[in-house]
Amino acid sequence: MKYCPVCKTDYSDKAEFCKKCEALLLAKTAEKEPAKTDFKRLFRLCLYTGAFIVFIMLLYYLIVLIIK
Ligand SMILES: [Zn+2]
C-alpha cells in the first residue's frame, strides 16, 4: 500500500505518482508507523507526567493535613 504525502490519498503498490497532485507516492509502512509510535510515546509521557503531578499534589495535601 502506498499513499500521497500531499493529499493523503491511498494507492496500490503499482502506482508511482499521485493522480491528483502528481507527487511521488510513499510506502505506507515505512512512513506512517514511526509517527504512530512517536504519538504513543508522547501520550505515555503525558500520562506519566500527569500521574506524577497528581502524586505530588496528593503528597502535598497529605503533608498539609499532617501539619494541621
Ligand atoms: Zn496527492
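Leu24 lies in the loop between E2 and E3, where helices (H or I, at least four residues) and strands (E, at least two) are DSSP runs numbered from the N terminus. With 11 other C-beta atoms within 10 Å, Leu24 is exposed; a residue is called buried if 20 or more other C-beta atoms lie within 10 Å of its own, exposed if 12 or fewer, and partly exposed in between, the C-beta atoms being placed from the backbone. Leu24 and Tyr3 are 21 residues apart in sequence, and their C-alpha atoms are 9.0 Å apart in space.

The model is a predicted one, in which local features need pLDDT of at least 70 and side-chain atom pairs count only at pLDDT 80 or more, while totals for chains, interfaces and linings use all residues. Residues are numbered from 1 along each chain as its sequence is written. The pLDDT, which is the predictor's confidence in each residue on a scale from 0 to 100, averages 89 over the protein chain, and 90% of the residues score at least 70.

**Elements and sheet**

The protein chain has 1 helix and 3 strands, and from the N terminus on these elements run β-β-β-α. The 3 strands form an open sheet in the order E2-E1-E3, with antiparallel pairing. Because strand E2 (10–11) and strand E3 (26–27) stand at the edges, each with a single partner strand, one side of each is left without a neighbour in the sheet. Two strands are taken to pair if DSSP finds at least two bridges between them, and 2 bridges join strand E1 (residues 2–3) to E2, the two running antiparallel. Within this arrangement, Tyr3 stands opposite Asp10 in E2.

Of the 68 residues of the protein chain, 4% count as buried. Two residues are in contact if their C-beta atoms, placed from the backbone, lie within 7 Å; among contacts between residues at least 6 apart in sequence, 13% join residues at least 24 apart.

**Loop residues**

Val6 lies in the loop between E1 and E2 and is partly exposed, with 13 other C-beta atoms within 10 Å. Leaving aside its neighbours within four places in sequence, Val6 is in contact with Cys18, Cys21 and Ala23. Lys8 is also found in the loop between E1 and E2, and it counts as exposed because it has 8 C-beta neighbours inside 10 Å.

The loop between E2 and E3 holds Ser12, which is exposed, with 8 other C-beta atoms within 10 Å. Glu22 is likewise found in the loop between E2 and E3, and with 9 C-beta neighbours inside 10 Å, Glu22 counts as exposed.

| Residue pair | Separation in sequence | C-alpha to C-alpha distance |
|---|---|---|
| Ser12 and Leu25 | 13 residues | 9.8 Å |
| Val6 and Leu25 | 19 residues | 9.0 Å |

**Backbone angles**

Which residue has a positive phi of about 60° although it is not a glycine? Lys8 has this value, and for Glu22, which is also a residue other than glycine, phi is near 60° and positive. Most residues other than glycine have a negative phi.
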